Amino acid sequence: VKRNNAETFNGNRYSNKISRDQFHRVDSLLTDSVSLARVTIMNDLVAKAGNAVVSCERIYAADARITAILSFNVLDGSAEDFGRGGQRALIAESQAEKLFGSIQVSGKDVWIISPNDDSVAVTVAAVFKDFPSNSHESLGFFISFHDESVRSLGFNHEETALYGRTHALSIGALEQRLKTNDDRFSYTLQPLTEIYFGTRVVGEESVHGDEYSVLILTCVTALLLVLALSNYVILTTLSLPYRAKELAIKKLAGTSHWHLVRNFLGESLLIVSVSFVVGLVLLIATAEFTRPLLEIDVRQLVIGWNAKFVLICISTVVVITLAPLLLMPKFVGASPTGLLGSARISFPRIKRVLTIVQLGVSMLVLVFSMVMKRQINYSLVKEPGRNHDQIVYLDFPADLTQEGLGRLREGWRSFHPNIIDVLATSHLPHSITSKEINSPFYTVSVDRMFTTFFDLNMVRGNWFGPNSTRNSIIVNERGSREVGEPQSVLGVVDDISAQFNQPQKPLKFQIADTKEYNYLFIRILEVDIRRTVNFLSETFGHTKIHFLNPRFERWLQYQGRLNRVSNLLAIIGTVLSCLAIYGLSLSLVQEKTKQLAVHKIYGANVINITLMLAKHFGKEVLVAVALFGPVAYMLVTELLRHFAYATSFRWYDAVIPVAFSVGMVVGLSLVQSLGLNMRSLVLALKR
């Protein structure tokens, strides 16, 4: 992977496009430790065999050494034939079935056709078993890397990706060999296992995830599980003191300790099993809602009984079933006299610890949810290698003039810091379809800032000047071979198709007036990009804004899903917190019924009772804040430290969860106080 180290560079610094000279240099430096192969990913090609025509998502032009790098499970033919000269191909069994209806096709010919109708004939050397469907690349079709073949199909053969395989040295030791005296560029090796969650690289086709968002979500989910588990344990604890007489009678009747434990285990298993079935039913019932949110078919996951899913379910059921049994020995081991005595076994210390844990975990869940939501709302987490700017486009406004376009370009630079440049063209640069009749050329109308906007170099000649007319044209390198460069051609510009990994087409560029422009392009910074996009949409009358890079748009959608998931987890955490504190307040009222009844007899009102209950919880709230506050701060700070462009821990991240917990305690205490007015104080005193 090549990294651009120039301080003035504005864009994605990482690229897998390595020049031919650098390939030979790297190959010579690592020849004793790494087997290297050049690979060019070619999109939008068609494969034809007989009457069968197949659109190929990707075809890889690769050196013969690719067979020593990737593990091909050959089903027909020989992978060694791929390197024996000529135009050869390695195709996956699924591609062979589409093209020939069989996998016994070694030695047969396939035509590869580009959108420009250029074609290359290749002979099938071998058919291999399909790679896993969840691979980050669609490795289904390889052809021999020959300069003429790659150039004929419209792709650049001078810059390629490098794939390698090594067993000899560590990555760090190999990278030491790649160091150069050129400070402008540096080269690193990216392990295959790190591609998905690693640096986003220009030219790489994998769809990247965000390991830190996944880590945060995992932490929040674990906290929710702890909260739910402690809630279940404390609810079980509340019911045990009221079963003391039942246990005493069973012990007097001769029931053994093991039999009592087995009964408790059966009851816990029954409750957990019923809850588990209810949970599965809810998952299946809400599958339509969760599929767009999680991009997982929960219904198929449940019905199909995926092995990992089954293991997680069994482990969860076992843990939750056994958790409340930790309190059973004190009851099971007590004598009948102790169970029937006036001193009730009520586990005050355990309940206090669980109260602190539940309050602390509730606040942790809220802190994590708020910080994660704010972090995800930053347009794109600025980790090394990710883009610094993006290009968006919209339909060219009908009332925008050439002078207005110039004022727009200069005006936005002055008052909107996130907008870098503006451009108008007749076609999208990655989807040019304006082919001239009886000509190989495609014509594109552009304004004079085209080369600056897309950072293109003039190969020879000059770009349009102030005196250029519509009769003046500029061609790309591919077009220079077609036009013969007559007097009307002002110059030759770089091929723009390589920026979008598209086949190169012979292009003619011409200056036009605004009537011929169809699209307005705007280069914007990724900082707070959602707000910038909304601003642009509102500025142009709520027009739909599109991204030129669809992968980045999918990334933003991925972040949106993370936002919704974090909100959902926050809601679940809030509900669990309410249920937990409600159970604790109910336990407290039951334990202090006589005390509260006496207070009411002596004139205590609802507010007095509420304050008494809230005061009891106040100690636990303070202890929970003291114990879990530093933990929350350290965990969140450590997670945010991994983001180069990150939010910070703010004062309200601590205040809001504490205020929520206090408000919930006071509210539930008020509910319990009001409930006491409905109860008979005489019965309460008799208990």
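These legends accompany several close-up views of a predicted model.

**View 1. Arg-478 and Asp-118 form a salt bridge.** Start here for a look at one of the 14 salt bridges in the structure. The closest N and O atoms of Arg-478 and Asp-118 are 2.8 Å apart. Arg-478 belongs to helix α16 (residues 477–483), while Asp-118 sits in the loop between β8 (109–113) and β9 (119–128), so this pair ties together parts that are 360 residues apart in sequence. Asp-118, at 24% relative accessibility, counts as partly exposed.

**View 2. Arg-523 and Asp-389 form a salt bridge.** Here the closest N and O atoms are 2.9 Å apart. If you follow the chain, you will find Arg-523 in strand β20 (residues 519–525) and Asp-389 in strand β13 (residues 389–395). The two residues are 134 residues apart, and their pairing links distant parts of the chain. Both Arg-523 and Asp-389 are buried.

**View 3. Arg-409 forms a salt bridge with Asp-421.** In this pair, the closest N and O atoms lie 3.4 Å apart.

**View 4. The largest cavity has a volume of about 200 Å³.** How many cavities of 30 Å³ or more does a search of the whole structure find? The search finds five. This view shows the largest cavity, which is lined by 16 residues. Of these lining residues, the closest to the cavity's centre are Lys-17, Thr-40, Ile-41, Glu-159 and Asn-501. Strands make their contribution too: β4 (34–49) and β11 (159–166) each supply at least two residues of the lining. What classes of residue make up the lining? Sorted by class, the lining of the largest cavity has nine polar, five nonpolar and two charged residues.

Definitions and conventions
Residues are numbered from 1 along each chain as its sequence is written. This is a predicted model: local features need pLDDT of at least 70, side-chain atom pairs count only at pLDDT 80 or more; totals for chains, interfaces and linings use all residues. Side-chain values use heavy atoms; hydrogens and water are left out. A salt bridge is a side-chain nitrogen of Lys or Arg within 4 Å of a carboxyl oxygen of Asp or Glu. Helices (H or I, at least four residues) and strands (E, at least two) are DSSP runs, numbered from the N terminus. Buried means under 20% relative accessible area, exposed over 50%, partly exposed in between (1.4 Å probe, protein chains only). On a 1 Å grid over the protein atoms alone, a cavity is a set of points where a 1.4 Å probe fits but cannot get out, and a pocket is an open set with protein on both sides within 12 Å along at least five of seven lines; lining residues have an atom within 4 Å of a point. Grid points are joined across faces, edges and corners, and a volume is the space filled by probe spheres set on the points. Ala, Val, Leu, Ile, Met, Phe, Trp, Tyr, Cys and Pro count as nonpolar, Asp, Glu, Lys and Arg as charged, and the others, Gly among them, as polar.
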